[in-house]
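Visitor: I have a model open and would like to learn how to read it. Can we go through it feature by feature?

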Amino acid sequence: MKPSGPHSLRFALRAINAATFLFSTSGAFFLLLPVYLQQIGSTSSQIGLVAGVFRIGSLLARPLAGRLLERFGRRPVTLVGAGLAIVSVLSLFIFPQPGGPFLTMRVLQGVGVSLVDSGLGAMVADLSPPLARAQVFAIYTVWMNLAGVLMPAVGEAIARHGGFFWLFAVAALVLATALLIAQRLPETGRPRQEHPQPPRGPGEGAGPLLLGGVMIGLAYGVLTVFVPVARIASAPGRAGVFFFAYFAGLIGARLAGGLGLSWIARPAILLPAYMILAGGLAMLSLGDSVILLVGVGLTCGLSHGVLMPVIYALLLFGVSRDRRGWTVALLAAAFDLGNVAGAMGLGLVAERLGYSGIFMLAAGIVAAGAAGTHWWGRR
């Protein structure tokens with residue numbers, strides 16, 4: 001049932017934002033997993049494999065998440081996902097080394113994250129007014145990405161002083177707290193009875209938008225998996241600095257859009273933002289200074305922050321209430337597919353091309369994909 005009255009709606013959105021921040025805090029800690037793998041002797045291809053397996057689990061769960069959201073509601077799916085995520089994090093104390101059980105649990109972790117992300121995203125879609133959906137989504141994702149600004153540096157400090165297993169323990173505790181908050185979230189997925197209408201999913205224009213989601217996911221996969229282990233971020237503290245810059249740029253863009261800067265929420269911004277994202281990737285091969293690292297983080301974060309709310313709002317435009325969960329899951333699946341291609345696909349050639357070569361190749365793919373998206377959308 002949708003909350004009635006402005007106070008109920010306000011409470012629901014605040015509770016969703018709080019749960020989102022905590023779930024994202026655990027995810028931000030796991031941005032340091034490539035560093036853990038590097039420290040225990042994993043190669044760049046193995047690091048890419050682990051990151052890719054996690055995203056494959058998330059990707060495969062997206063269609064299931066869409067169906068479960070429509071059948072059982074938003075809150076039960078979110079709670080099950082949180083439980084799976086907690087189990088998979090705790091499994092690191094039993095299976096700390098890459099191998100069959102380790103990879104299996106990373107798949108399970110990806111499934112859990114997918115269910116949580118899809119459930120919370122569908123709740124926001126249900127609660128937000130259609131004409132303000134991009135703005136509400138932008139504010140919601142500010143809380144999602146605020147953890148990315150603050151928590152990688154916190155996680156780096158925890159791992160440096162207590163070891164990575166202390167970091168994993170804190171991540172599990174944060175997830176348990178988020179699960180408790182999620183239990184109090186309203187169920188928004190029951191269809192309204194007073195105005196029945198046939199279900200409508202994404203229309204013919206969804207293809208270019210989903211391709212754009214793949215490009216953003218590919219860039220994000222490359223940036224989050226390979227920048228922390230590349231030479232440009234090898235000095236102590238630089239991984240945290242990069243993620244701080246990236247998510248600060250992302251949050252700045254989301255706040256600007258959510259608080260009324262309307263021109264960055266228009267479809268015309270898509271192509272320039274894609275190209276800026278590609279340019280940021282290419283800049284990573286120009287040196288290893290901290291100024292360059294921060295500049296790339298801000299540039300790519302701003303692009304990511306501008307792109308996703310516009311794609312989200314366009315994709316949901318005209319979609320019936322009965323199909324919103326499926327549509328949100330579909331966009332997340334496109335993002336996950338890009339992540340798999342960026343982390344696992346480019347990880348396979350990392351040892352031959354080097355990290356600079358991977359960054360240039362990713363920049364070319366994103367630029368070509370952006371051009372293809374623009375051409376396809378105009379047609």
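Visitor: Which residues of α10 meet α11?
Guide: Contact means heavy atoms within 4.5 Å. In this predicted model, α10 brings L270, A273, Y274, I276, L277, G280, L281 and M283. From α11 come L292, V296, T299, C300, S303, V306, L307, V310, I311 and L314. By class, this contact has 15 nonpolar, three polar and no charged residues. Ala, Val, Leu, Ile, Met, Phe, Trp, Tyr, Cys and Pro count as nonpolar; Asp, Glu, Lys and Arg count as charged; the others, Gly among them, are polar.

Visitor: At what angle do the axes of α10 and α11 cross?
Guide: Axes are lines fitted to C-alpha atoms, for helices over the stretch in contact, and angles run from 0 to 180 degrees between N-to-C directions. For α10 (residues 270–283) and α11 (residues 290–316), the crossing is at roughly 150°, and the axes come within 9 Å. Angles under 35 degrees count as roughly parallel, over 145 as roughly antiparallel, 65 to 115 as roughly perpendicular, and the rest as oblique. So α10 and α11 are roughly antiparallel.

Visitor: Is that crossing left-handed or right-handed?
Guide: A crossing is left-handed if the near helix is turned anticlockwise from the far one by less than a right angle, and right-handed if clockwise. The α10 and α11 crossing is left-handed.

Visitor: What about α8 and α13?
Guide: Helix α8 (residues 206–226) packs on helix α13 (residues 350–378) at about 170°, with axes 9 Å apart. That makes α8 roughly antiparallel to α13. Their crossing is left-handed. Residues making the contact include G207, P208 and L211 of α8, and Y355, I358 and F359 of α13. The contact divides into 15 nonpolar, six polar and no charged residues.

Visitor: How do α3 and α5 pack?
Guide: Helix α3 (residues 44–72) meets helix α5 (residues 100–127) at an angle of about 40°, and their axes are 6 Å apart. The pair is therefore oblique. Here the crossing is right-handed. The contact of α3 with α5 holds 15 nonpolar, seven polar and three charged residues.

Visitor: How many helices and strands are in the chain?
Guide: Helices (H or I, at least four residues) and strands (E, at least two) are DSSP runs, numbered from the N terminus. The chain has 13 helices and zero strands. Of contacts with a separation of 6 or more, 86% join residues 24 or more positions apart.

Visitor: Is A147 buried or exposed?
Guide: Buried means under 20% relative accessible area, exposed over 50%, partly exposed in between (1.4 Å probe, protein chains only). A147 sits in helix α6 (residues 133–162). At 0% relative accessibility, A147 is buried. Beyond four places in sequence, A147 is in contact with F21, S24, T25, A28 and P152. Its C-alpha is 9.2 Å from that of T20, 127 residues away along the chain. Across the chain, buried residues make up 54% of the 379.

Visitor: And where does S42 lie?
Guide: S42 is in the loop between α2 (33–39) and α3. With a relative accessible area of 14%, S42 is buried. Its contacts beyond four places in sequence are L37, I47 and P98.

Visitor: Is R67 buried or exposed?
Guide: R67, in helix α3, is exposed at 61% relative accessible area. R67 and R323 are 256 residues apart in sequence, yet 9.3 Å apart C-alpha to C-alpha.

Visitor: What does W326 touch?
Guide: W326 belongs to helix α12 (residues 324–347). Not counting residues up to four places away, W326 touches P63, G66, R67 and E70. The C-alpha atoms of W326 and L64 are 9.0 Å apart, across 262 residues of chain.

Visitor: What pLDDT does the chain average?
Guide: pLDDT is the predictor's confidence in each residue, from 0 to 100. The chain averages 83, and 88% of the residues score at least 70. Over residues 191–200 the pLDDT is below 50, and this stretch has 13 contacts beyond near neighbours in sequence. Where pLDDT is low, the predicted coordinates should not be read in detail.

Visitor: Which conventions apply to the numbering and the values?
Guide: Residues are numbered from 1 along each chain as its sequence is written, and side-chain values use heavy atoms, leaving out hydrogens and water. In this predicted model, local features need pLDDT of at least 70, side-chain atom pairs count only at pLDDT 80 or more, and totals for chains, interfaces and linings use all residues.
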